[in-house]
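I opened this model to see how its chain is put together, and I kept these notes as I went along.

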Amino acid sequence: MIRYDLQCENGDAFDAWFGNSSDFDRLAAQGLVECPHCGSKAVAKAPMAPAIIRRRRRAPDGEKAPEKVTVGMAKQLREHIRDNYDYVGERFPEEARKMHDGEAEHRAIWGEASPEEAKQMLEDGLPVAPLPSSLAPIPPKKVN
Ligand SMILES: [Zn+2]
């Protein structure tokens, strides 16, 4: 699942969850994404891209079995994140917070956070989406 911040032609902001990264484009093209405020179907992704958190790796024996997802969907989502998001590693909570507070420019990022940090960010209303580790791309060596 992936969450997008969306905006309609009248400037209403809302968010919605989609099954995978191509669902939004497909549904929007068919006129199936509707603004809950004014009913407009001219909806686009808001300038603030969603951020994605990946759980910090645990010791191998503490690792749970990955969630079952179809191979195609996982691959698509991984590639979407890899190609469209900047990897910020463990600076994720800090970076997400800076963007939320307006101290840094909004951009699409993904990185790592502990379950506690993820919970805190969601409670604080940061537009972040936890990503099962089975859906995360392999982190690049270079941290942006
Ligand atoms: Zn609207």
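**Entry 1: confidence.** I noted that this is a predicted model, and I therefore looked up its pLDDT, which is the predictor's confidence in each residue, from 0 to 100. The chain averages 77, and 76% of the residues score at least 70. Confidence is lowest in strand β4, residues 51-55, with a mean of 63, and highest in helix α3, residues 92-100, with 90.

**Entry 2: the order of elements.** I listed four helices and seven strands in the chain, and reading from the N terminus I wrote down their order as β-β-α-β-β-α-β-α-β-α-β. Of the 144 residues, 21% count as buried.

**Entry 3: the hairpin.** I then followed strand β1 (residues 2-8) and strand β2 (residues 13-18), which run antiparallel and are joined by six bridges. The two strands form a hairpin with four residues between them, and in the turn Gly11 has a positive phi of about 85 degrees. Across the pair, I found Arg3 opposite Trp17 of β2.

Leu6 also lies in strand β1. Is Leu6 buried or partly exposed? I put Leu6 down as partly exposed, because it has 19 C-beta neighbours inside 10 Å, whereas a buried residue needs 20 or more. I also looked up the distance from Leu6 to Cys35, which is 29 residues away along the chain, and their C-alpha atoms are separated by 8.6 Å.

**Entry 4: the core.** Which residues touch the most other members of the largest nonpolar core? This core has 18 residues, and those with the most contacts to other members are Val88, Phe92, Ala96, Ile109, Trp110, Ala113 and Met121. I traced the elements that give two or more residues to the core, and they are β1, α2 (71-84), β5 (86-89), α3, β6 (109-113) and α4 (115-123). The core lies between domain 1 (2-45) and domain 2 (51-135), because both domains give residues to it.

**Entry 5: helix α3.** The buried residues of α3 are Phe92, Pro93, Glu95 and Ala96. Looking down the axis of α3, I saw that these buried residues fall within an arc of 165 degrees, so they line one face of the helix. Glu94 and Ala113 are 19 residues apart in sequence, and their C-alpha atoms are 9.8 Å apart in space. Just after α3, Gly102 takes a positive phi of about 80 degrees.

**Entry 6: helix α4.** In α4 I found that the buried residues are Glu117, Ala118 and Met121. They cover an arc of only 100 degrees around the axis, which puts them on the same side of α4. Turning to the other side of α4, I noted that Pro115, Glu116, Lys119 and Glu123 are exposed. Just after α4, Gly125 has a positive phi of about 80 degrees.

Terms used
Residues are numbered from 1 along each chain as its sequence is written. This is a predicted model: local features need pLDDT of at least 70, side-chain atom pairs count only at pLDDT 80 or more; totals for chains, interfaces and linings use all residues. Two strands pair if DSSP finds at least two bridges between them. A nonpolar core is a set of buried Ala, Val, Leu, Ile, Met, Phe, Trp, Tyr and Cys residues joined through C-beta atoms within 7 Å. A residue is buried if 20 or more other C-beta atoms lie within 10 Å of its own, exposed if 12 or fewer, and partly exposed in between; C-beta atoms are placed from the backbone. Domain bounds come from an automatic or database domain assignment. The arc is that of the directions from the helix axis to the C-beta atoms.
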